[in-house]
Each structure stands twice: as C-alpha cells, then as structure tokens.
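Please look through the structure shown below before reading on.

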Amino acid sequence: MAASSAPGAGPRALRPPAFGAEPAGERMARIRRSPHFADGVFQNPGGPARMRPSGSGRDLAKVYLDKDARSRRAPRGAIPVHPTTLADLTRPPATGLRLTWMGHSSVLAEIDGQRVLFDPVWGQRCSPFPFAGPKRLHPVPLPLAALGPVDVVVISHDHYDHLDMPTIKELAGTDTVFAVPLGVGAHLERWGVPADRLRELDWQESTRVGGLTLTATPARHFCGRGLRNTQHTLWASWVVAGERHRIYHSGDTGYFEGFRDIGAAHGPFDATMIQVGAYSEFWPDIHMTPEEGVRSHLDLQGGEPGGVLLPVHWGTFNLAPHPWAEPAEWMTDAAGAVGQAVAFPCPGAPFEPGGDLPTEPWWRSLTRPVPRVWDTAGLARSEESPKGDLDLAGDR
C-alpha cells in the first residue's frame with residue numbers, strides 16, 4: 001500500500017491511505033457539540049474504560065509466547081466455509097428475516113425486504129498494510145461483487161477488523177447508503193464515498209433507509225486507526241427495526257448496564273449479533289466474554305431468554321490469547337445454563353432465526369479439547385450485580 005503523496009513535508013505526507021482522515025470543519029464542530037464528547041475525546045458509558053492492556057508487559061508476553069497456548073490459538077485444519085451463492089441470497093427468506101455470518105463481525109441481514117451489511121471486512125488482513133497484521137484464518141464465503149445489491153452498510157467503529165478500506169472502496173462504487181458513528185464519515189469520504197450517501201449518527205440518533213429505521217446506540221469501546229489515537233470518532237452498537245422484525249449488532253464493547261436501557265427502548269429483538277471473541281483479562285473493559293455476551297443478550301431481551309443470539313467476532317482472526325475455539329465452547333455452556341437459543345453457522349451459511357437453527361459444533365474437529373476455565377453459574381445468580389460474578393478466562 002503506497003503512502004499518501006499529498007503535497008507538503010512531514011508525517012502527513014507519509015500517512016498510509018488506510019489510516020483514513022481526521023474529522024475536520026463542520027464534522028468536527030458537530031463532534032464537539034455531542035453530549036458524549038468531553039475533554040477533547042469521546043467518553044464511554046459507565047466511566048473511563050482501559051484501552052491498553054492492564055498488568056505487566058512481561059505477563060502479557062508470557063501468555064502469548066507459551067507454546068501450548070499458542071498452538072491452541074488457530075484451527076488445526078481448514079475451517080468449513082459454506083460456498084454461498086447468489087441463489088442462496090436471492091430467494092426471499094420465508095420468515096422475513098435471514099442472517100448470513102461472513103466471518104468475524106461481518107453479517108448480511110435480510111430483514112423485511114431490505115438488505116443490511118454489518119462491518120464488512122473482505123480483506124486478507126485487518127491492518128493498514130497488506131504485508132503485516134492478523135491474517136484471515138478462512139477465506140471469505142463469496143466475492144463482494146457476488147453479494148448482490150445492499151441497501152445499507154452499517155459500520156460499528158473504525159478499527160481495522162471492522163472498517164476495511166479495500167472493502168469500502170469497492171462498495172463505494174455501488175448505490176448503497178452507509179450508516180456510521182459520528183466522525184467515521186471522514187474516513188469513508190477520503191476513500192470515495194459521496195457525502196450524500198453517508199448517514200453519520202451520534203448515540204440515540206436514528207435514520208430511515210427504505211422501510212428500516214437504524215439507530216446508533218451506546219457501546220463501551222474506543223476508536224483509532226493511525227499512530228495517534230485522537231478519540232475523535234465514535235463507536236456504536238446498532239438497532240435495525242423493520243415493519244416486522246428487530247435486530248441488534250453489538251459492534252465491539254465491554255459489558256455495561258446500558259444494555260438494559262437499549263433493550264427497554266428498542267427491544268425485544270428477533271436476533272442479536274453479539275461480540276464474544278478477542279476478550280482477555282488484560283483488557284476486560286472493551287470486549288465481552290461469552291458469558292457477558294449471554295448476559296448482554298438477556299438484558300436486551302428484558303431479562304429473559306428470547307430471540308436468537310448469533311455470536312460474532314470470533315473464528316476469523318487471531319486477536320487475543322484465548323484458544324481459537326474457546327468462544328464457541330464457552331458460549332455453548334453459558335447459553336445452555338439459561339436456556340438461550342444460539343446459532344452456530346459456519347461462515348457463509350444463511351439461516352433464519354425464526355426457522356431451524358444451525359447448532360452443530362463444527363469447530364470441534366479442528367481443535368484439541370478446550371479447557372473449561374469458566375464458571376457459568378454466575379448467570380443464574382447476581383441479577384443485582386451483573387458484573388461482579390463474571391469470571392474471565394484465565395484468571396483462576
């Protein structure tokens with residue numbers, strides 16, 4: 001990837017295009033007016049969140065370099081990928097709602113006659129450079145051009161595993177609308193997305209696209225693509241409501257009590273897409289464990305099991321020290337403890353939350369048995385203290 005050749009000396013002339021652009025002008029003025037922006041940065045719900053690994057660098061390095069643990073962080077064979085075809089996706093869903101997990105946090109949602117593409121990442125690496133950074137553990141199920149028309153692309157935040165420049169540049173040549181958190185539009189405009197196809201929202205703001213209402217809702221995370229993390233672009237979860245169905249995509253987030261408020265205002269949901277991978281005891285504030293993912297789904301549903309939970313943000317990239325298959329195994333236990341329906345499609349396999357769910361543990365043939373380092377009894381306890389009973393993998 002070539003560095004920017006914009007006139008002028010200094011670091012800006014060496015800025016890779018994948019870094020995107022900093023908000024400026026009226027966009028920056030709007031950011032400063034946001035009730036969630038203070039002291040020069042966007043603020044998290046529930047107070048500050050640790051964005052850098054806690055503990056010592058030596059402890060973190062020890063975890064990453066441990067030979068046995070390292071061998072568990074990738075599959076032992078080829079991940080099964082459903083050969084998705086346009087025929088799979090042009091047949092209308094019988095129930096009016098169909099989800100296709102493309103890997104990581106990328107999901108195509110066909111809802112009430114509209115097509116929504118969440119966090120599309122078709123690139124081989126989640127990195128600003130094509131030669132370095134975490135590489136895909138499985139191929140994309142189908143070429144982006146074979147996906148067919150998309151009504152709206154939804155971006156949760158600007159990290160590389162959620163906002164992929166090559167993917168956005170390809171989508172910029174279509175007629176799709178882009179719904180993004182406040183400030184993220186600066187990146188997309190630099191990559192060729194016309195301003196009139198951007199819907200840039202603060203938390204609790206909504207936009208209409210066709211028959212859908214899309215609402216940006218809070219999340220507990222952070223942002224940044226370049227060497228300087230200015231915290232000038234917002235991160236969000238998303239609610240998409242059609243005439244008959246409602247769905248929710250968590251983006252990246254730590255657990256916080258705001259899930260209850262989102263559920264009360266917008267739920268319950270026919271399906272949720274919940275981040276349950278790339279967690280660690282070294283960064284507990286900004287990613288959820290599978291147990292926290294189940295708890296967040298229950299909060300969104302008013303405190304009781306309901307709808308279908310689709311675990312995302314696992315299986316495609318190696319981004320944390322936990323075993324590759326641990327999110328799926330832990331989610332199986334956590335959801336089973338409370339009777340919550342969970343879908344486990346292999347990448348590219350469409351399913352309807354209102355129909356037969358994919359539940360086969362396809363990952364087990366690709367990994368050694370995963371040590372059970374968690375305790376799901378906390379889900380049956382502590383409604384009064386949702387955070388206190390959670391055990392993070394590896395902290396025993």
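## An enclosed strand

In this predicted model, the side chains of Val308, Leu310 and Val312 point one way from strand E14, while those of Leu309 and Pro311 point the other way, and all of these residues are buried. In a regular strand, side chains alternate between the two faces of the sheet. Because 5 of the 5 residues of E14, which spans residues 308–312, are buried, the strand is largely enclosed by the rest of the structure.

## The neighbouring strand

Strand E13 (residues 271–275) runs parallel to E14, and 5 bridges join the two. Between E13 and E14 the chain passes through helix H8 (residues 290–300), and this β-α-β crossover is right-handed.

## Salt bridges

The count of salt bridges comes to 10. One of them joins Glu26 and Arg33, whose side chains meet with N and O 2.9 Å apart; Glu26 is exposed, with a relative accessible area of 53%, and Arg33 is exposed as well, at 54%.

Another salt bridge pairs Glu189 with Arg27, with their closest N and O atoms 2.7 Å apart, and this pair links distant parts of the chain, since Glu189 lies in helix H6 (residues 185–190) and Arg27 in helix H1 (residues 25–33), 162 residues apart. Glu189 is partly exposed, with a relative accessible area of 36%, whereas Arg27 counts as buried at 18% relative accessibility, a value that falls under the 20% cut-off.

Arg98 and Glu110 also meet in a salt bridge, at 2.7 Å from N to O, and both residues are buried. Finally, a network of salt bridges links Glu329, Asp333, Arg364 and Arg372.

Note on methods: Residues are numbered from 1 along each chain as its sequence is written. This is a predicted model: local features need pLDDT of at least 70, side-chain atom pairs count only at pLDDT 80 or more; totals for chains, interfaces and linings use all residues. Side-chain values use heavy atoms; hydrogens and water are left out. Buried means under 20% relative accessible area, exposed over 50%, partly exposed in between (1.4 Å probe, protein chains only). Helices (H or I, at least four residues) and strands (E, at least two) are DSSP runs, numbered from the N terminus. Two strands pair if DSSP finds at least two bridges between them. A crossover is right-handed if, with the strands pointing away from the viewer, the path from the first strand over the helix to the second runs clockwise. A salt bridge is a side-chain nitrogen of Lys or Arg within 4 Å of a carboxyl oxygen of Asp or Glu.
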